[in-house]
Amino acid sequence: MNIVDTLLLLLIIIKTNSIYLYIGVENKLNFYLIVVITIAVLLEVISGRLSLQYFKKMLLVIVLYFFAIIINILVSASVISSNILIYYFIVVPLMLILVMYKYYKNTLTNFLAIFVRIVLILAVISLLFWCFGSVLNIIKPTNYVVSSWSGGQVTTSYYNLYFETQNALFLGYKMIRNSGIFAEAPMWSLLLSVALIFQELLLKHSTRIFVLLMLTILTTASTTGFFIAGSLLIYKVINQKRSWFKYINLTSIPVLIFTLVKVWGEKSDSASASIRYDDYVAGFLAWKNHFIFGSGLSSGIRAIESYMDTTIRSNLGYSNSFFVILAQGGIILGVLYFYPVVSVLLKRFSSNSKMLALLFIILIFTAIFTDTPLFILFVGIFYALILNRENT
């Protein structure tokens with residue numbers, strides 16, 4: 001089971017907009033993902049039973065999910081690609097079942113710990129290549145790839161284990177951003193942020209893991225990553241149990257807040273801030289036109305693109321998940337995905353669970369990772385939390 005879980009989590013990470021998807025291997029990865037996630041669910045089913053009450057609640061979640069997806073397809077009457085069908089009719093329901101099963105059997109933390117370990121290995125690799133390759137030029141590039149993510153841009157590669165996809169002006173310094181194996185640095189920052197969130201809120205705290213993930217996030221020069229890491233750091237300091245240590249660390253919070261404000265101010269003055277604002281406006285307008293059912297699973301992004309201000313942007317890339325979901329499926333799909341998140345925030349859950357929900361909301365407003373297994377992993381965790389609470 002651990003071997004299957006490791007393979008599945010590796011595929012989940014790669015499927016979260018890694019550069020491998022945009023150099024011609026996506027169809028093979030989809031096949032591997034279907035096979036591995038099916039085996040993972042079967043192993044869970046045969047390894048233990050659920051209570052009848054919990055099974056009924058799980059079944060209700062899956063039935064409501066299929067109802068929402070089928071209604072969306074029928075109403076939008078849009079052409080659905082094979083990849084979209086695979087994702088929504090195989091990957092999503094199996095992922096939800098797997099996560100809810102693991103939570104019930106108290107094995108979800110082990111699952112997430114494997115996720116963090118894989119990200120840590122990728123972090124070490126990326127730091128080595130970023131430091132000795134991108135910064136010091138001791139290690140030389142080995143080849144180049146053409147990435148369709150960036151419209152056919154030629155991308156520098158180091159043994160196909162690290163890619164230089166972007167430069168950035170950060171705090172007055174021009175730098176090559178650490179993108180790891182991902183199509184752009186913000187995607188790598190997203191994975192690092194998720195690993196940090198899981199480690200600090202759902203697993204046992206480790207100072208070494210915390211420092212390594214924080215350091216790698218810094219090399220991505222991603223505003224979202226900084227705010228996730230900074231928010232977690234403030235949260236951990238405030239919740240320190242040792243009073244003397246807590247009060248000493250509290251003095252660092254103003255410095256941290258000042259740093260975050262400075263980063264935010266620098267980002268707000270850049271062209272990317274105007275583009276991000278335009279993304280929110282375009283997303284809202286696309287959703288408003290199809291408020292209840294959305295424009296369709298395969299048409300949501302195209303609907304948003306039709307409202308983008310092309311005078312301020314060089315491409316039609318999009319930057320947040322929230323309005324993509326609403327543009328795709330309207331209120332129906334939005335309620336399906338966000339109901340458990342809001343429930344965790346409003347009902348009686350632990351402070352860690354509430355912080356998990358809050359940081360997830362920040363991620364969906366600042367990163368694009370809908371239509372990825374990682375997004376459904378998150379949604380499954382929140383459904384597992386509310387089902388477990390109702391089941392006790």
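Residues are numbered from 1 along each chain as its sequence is written. In this predicted model, local features need pLDDT of at least 70 and side-chain atom pairs pLDDT 80 or more, while totals for chains, interfaces and linings use all residues.

Me: How many helices and strands are there in the protein chain?
Reply: Happy to start there. Both are DSSP runs numbered from the N terminus, with helices (H or I) of at least four residues and strands (E) of at least two. On that basis the protein chain has five strands and 15 helices.

Me: What share of the residues in the protein chain is buried?
Reply: Good one to ask. Buried means under 20% relative accessible area, exposed means over 50%, and partly exposed lies in between, using a 1.4 Å probe and protein chains only. The protein chain has 392 residues, and the buried share is 52%.

Me: In which order do the three strands form the open sheet?
Reply: Two strands pair if DSSP finds at least two bridges between them. The pairing here is antiparallel, and β2 (residues 153–158) is joined to β3 by three bridges.

Me: Which residue in β3 stands opposite serine 157?
Reply: Let's look at the β2 and β3 pair, which run antiparallel. The residue in β3 opposite serine 157 is phenylalanine 163.

Me: Which helix lies across β2 and β3?
Reply: Axes are lines fitted to C-alpha atoms, for helices over the stretch in contact (heavy atoms within 4.5 Å). Angles run from 0 to 180 degrees between N-to-C directions. The helix spans residues 108–135, runs at about 45 degrees to β3, and is α5.

Me: Is serine 150 buried or partly exposed?
Reply: Serine 150 sits in the loop between β1 and β2. Its C-alpha atom is 8.9 Å from that of asparagine 315, although 165 residues separate the two along the chain. Because its relative accessibility is 33%, serine 150 counts as partly exposed.

Me: What is the volume of the largest cavity?
Reply: On a 1 Å grid over the protein atoms alone, a cavity is a set of points where a 1.4 Å probe fits but cannot get out, and lining residues have an atom within 4 Å of a point. Grid points are joined across faces, edges and corners, and a volume is the space filled by probe spheres set on the points. The lining includes Val61, Tyr65 and Leu336, and α3 (52–76), α4 (82–104), α13 (322–346) and α15 (373–391) each supply at least two of its residues. The volume of the largest cavity is about 40 Å³.

How values were computed
Heavy atoms only, no water. 1 Å grid on protein atoms, 1.4 Å probe; cavity = no way out; pocket = protein on both sides within 12 Å on 5 of 7 lines; lining within 4 Å.
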